[in-house]
Amino acid sequence: QAKSAGRRTYMRYDDAMDVSIRKRAILSGALRKALDHDEFRLVYQPRLALDSSAIVGVEALLRWNGAEHGAVPPDEFIPLAEESGQILEIGEWVLREACLALRRWQQHGLAGLSMAVNVSVLQLLRGNFPEVVRRILEDARLDPRSLELELTESVLMANAGQTAEKLLALRKLGVSLAIDDFGTGYSSLAYLKRLPITTLKIDKAFIRDVTTDPEDAAITSTIITMAHSLGLRVVAEGVETEAQMRFLVGQNCDEIQGFWLARPLEAHACLAFMRGRAPQRLCADGVRAAMP
Ligand code: C2E
Ligand code: MG
Ligand code: MG
Ligand code: MG
């Protein structure tokens, strides 16, 4: 009896595995048609510089609204697109779309903004990525200094040997390079020094409890101090409250991003947000006013 119960448990586990594998296969199939069917779009989340209280840029975030599956979060479909290699094509679409959006905003009179785009390490490893980026910037007639590429810490470090040369080529173009989700992987100081990185983005996992958990506060303040001593800019992501913002101001963090400032917005809404928050207005009702 114990044996058959055990087997039944095992079978149920097996069925569950089967469902998730099947779900992934179905999603993966739907994903293949997503580009052709125009199912992707980008949303943009503003970034605020704490010293000037100005919006200095946005991060482009990919959204997939599938005909059959509705909205699927990027944490679910990006890994599938990486497995199938489709991320190369999708990633190129994202870059082009983000650069064109920035170009349009510049034509609407918003100067000095930068666009941050998430890049999968596969894009760096395969093909001539620096050349792809150069061509897209040229087509959009953008200054390369207005583009920042975000790479996730763990994957970047695992492939440090193969990616270093491409990162250097990108830096030579004038593009900025950020390590995303910093603190969750296993970067050593030696790697940070060796890679041509310009920016660290502190993972939102540390920001969440930064005002109540002394350890998260210590980690965050240490990352900021270390980054500054290496000449890097620091962005805190996932800032949801005024108290978190104040803490980060106190630690000399350079920029914040998060729901406290704005959620990721559709292009037109983002333009309206940025226009409505000219630097002078922000001083009046934004960060400065919120500070003690
Ligand atoms: P990420 O690059 O670290 O992006 C930040 C994520 O945090 C976004 O989730 C954003 O919506 C969310 N977020 C922003 N502010 C807050 C906040 O105050 N609180 C909380 N709890 N969350 C906040 P999203 O859009 O679901 O993206 C998840 C991840 O998917 C991204 O993490 C990035 O790694 C990946 N991703 C998104 N778009 C792309 C893309 O175009 N290409 C690649 N390769 N990856 C992408
Ligand atoms: Mg990012
Ligand atoms: Mg992140
Ligand atoms: Mg992330």
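Tutor: Gladly! This is a predicted model. Its largest pocket is lined by 39 residues, and E59, L61, P74, D75 and N118 lie nearest the centre of that pocket.

Student: What makes a residue count as part of the lining of the largest pocket?

Tutor: A lining residue has an atom within 4 Å of a grid point of the pocket. For the largest pocket, 39 residues line it. Elements giving two or more residues to this lining include β1 (40–49), β2 (54–66), α2 (74–84) and α3 (87–107). By class, the lining holds 18 nonpolar, nine polar and 12 charged residues. The volume of the pocket is about 1200 Å³.

Student: How do you know where ligand 1 sits?

Tutor: A molecule sits in a pocket if more than half of its atoms lie within 2 Å of the pocket's grid points. Ligand 1 sits in the largest pocket, so it passes that test.

Student: Which residues around ligand 1 come nearest?

Tutor: There are 23 residues around ligand 1, and R63, N118, D180, E240 and F259 come nearest. The shell has nine nonpolar, five polar and nine charged residues. At least two shell residues come from each of β2, α2 and β6, and β2 gives the largest share, four residues.

Student: Why is the pair between N118 and ligand 1 called a polar contact?

Tutor: The cut-off is 3.5 Å between N or O atoms. A polar side-chain atom of N118 lies 2.8 Å from an oxygen atom of ligand 1, so the pair qualifies. K204 also has a polar side-chain atom, 3.1 Å from an oxygen atom of the ligand, so this pair is a polar contact too. With L62, a backbone N or O atom lies 3.1 Å from a nitrogen atom of ligand 1, so that pair also meets the rule.

Student: How much of ligand 1 does the protein bury?

Tutor: Taken alone, ligand 1 exposes 800 Å², and the protein buries 84% of that.

Student: What makes a space a cavity rather than a pocket?

Tutor: In a cavity a 1.4 Å probe fits but cannot get out, whereas a pocket is open. Here the count is one cavity of 30 Å³ or more. The largest cavity has about 40 Å³ of space, so it clears that volume cut-off.

Student: Which residues line the largest cavity?

Tutor: Among them are A30, K33, H37, W64 and H69. Both α1 (2–34) and β2 supply at least two lining residues. The lining divides into three nonpolar, three polar and three charged residues.

Terms used: Residues are numbered from 1 along each chain as its sequence is written. Chains are lettered from A and ligands numbered from 1 in the order in which they are written. This is a predicted model: local features need pLDDT of at least 70, side-chain atom pairs count only at pLDDT 80 or more; totals for chains, interfaces and linings use all residues. Side-chain values use heavy atoms; hydrogens and water are left out. On a 1 Å grid over the protein atoms alone, a cavity is a set of points where a 1.4 Å probe fits but cannot get out, and a pocket is an open set with protein on both sides within 12 Å along at least five of seven lines; lining residues have an atom within 4 Å of a point. Ala, Val, Leu, Ile, Met, Phe, Trp, Tyr, Cys and Pro count as nonpolar, Asp, Glu, Lys and Arg as charged, and the others, Gly among them, as polar. A residue is near a molecule or strand if one of its heavy atoms lies within 4 Å of it. A polar contact is a pair of N or O atoms within 3.5 Å; within protein, one must be able to donate a hydrogen and the other to accept it, and residues adjacent in sequence count only if both atoms are side-chain atoms. Accessible areas come from the Shrake-Rupley method with a 1.4 Å probe; for residues, only the protein chains shown count as cover.
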